[in-house]
Amino acid sequence: MPETVKLRKDLPGATVRIDNPATRNALTPEIVAGLRQALEDLHGERKVRAVILTGNHDAFSSGTDLSRLATQIREAESNREILLQWHEEVAGTLELIQFMLQFPKPIVAAVNGCAAGTGLALALACDFIVGGSNSTFAAPEGRRGLVSGLVAPLLAWRTGPAVARKFILAAATLTATEAESFGLVDEIVADDMVWARANERVRALSESAAASLQLARQLCNETIGESLLTQLASGAANMAAARSTESARRGVEAFLQKRPVDWNE
């Protein structure tokens, strides 16, 4: 497990924490693999009844590491293997989300600060989301020339297709209060109480039988979320393909240079 992913057991729960503050906990393949490993380690632990997923410092996760992506986009002009690498990396994130959805224990997202792009997708894949009063929820990919391929189906699953469509097309950023009003977030608390409140939810969940919780999650995924995995696979394919476009090159570079993009040029 990389140093950027921390695992701590606070029975009856456990906390998996992304710890990469220099990039606001942006996701890299190493972090994605570390999150998967942490959850695998907890999969069969009978004393761990639920898991808290959170980020260190002042962010949950800012999503894809755009500095790294910009380098890859520049290299793709001379190295076509980058295209295959993008599909592999997106597939890794998709597999993590699928693993979370099929995980036998409830997962509570403790969202401190921003949850953006693929970081938002991780939060949406959890059973409950507790947000801080200053937390934000964003799907900015459209403004970067990218596609919110994993966020869109998860958001539709959680809030309904009408809300998801407006949110994704607008490449919007929601405040904690706005996110709660749309049903994206279950509860808003003071910023310094996010983990504590998530832990209270874990303790409440531990009052139910573990087998009952596992069967209830399975039932929800096989009925309410029956088509979700298919939609996620389609979204991941579009997400990877978008990285190879000229729009992605322009959008990502402009974001890193902190300047707007004139998409009409």
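Okay, so two strands count as paired if DSSP finds at least two bridges between them.

Quick caveats. This is a predicted model, where local features need pLDDT of at least 70, side-chain atom pairs count only at pLDDT 80 or more, and totals for chains, interfaces and linings use all residues. Residues are numbered from 1 along each chain as its sequence is written, and side-chain values use heavy atoms, with hydrogens and water left out.

Now the sheet. Four strands form an open sheet in the order β4-β6-β8-β9, with mixed pairing. At the edges stand β4 (59–61) and β9 (173–175), each with a single partner strand, so one side of each has no neighbour in the sheet. Inside, β6 (residues 114–116) and β8 (residues 136–138) pair in the parallel sense over three bridges. Cys-114 stands opposite Thr-136 in β8.

On to helix α9, residues 210–222. Which of its residues are buried? Buried means under 20% relative accessible area, exposed over 50%, and partly exposed in between, with a 1.4 Å probe and protein chains only. In α9, Leu-213, Arg-217 and Asn-221 are buried. Looking down the axis, they fall within an arc of 70°, so they line one face of the helix; that arc is taken from the directions from the helix axis to the C-beta atoms. Over on the other side, Leu-215, Leu-219 and Glu-222 are exposed. The buried residues of α9 pack against α3, α5 and α8 (194–205), with contact meaning heavy atoms within 4.5 Å.

Conventions:
Helices (H or I, at least four residues) and strands (E, at least two) are DSSP runs, numbered from the N terminus.
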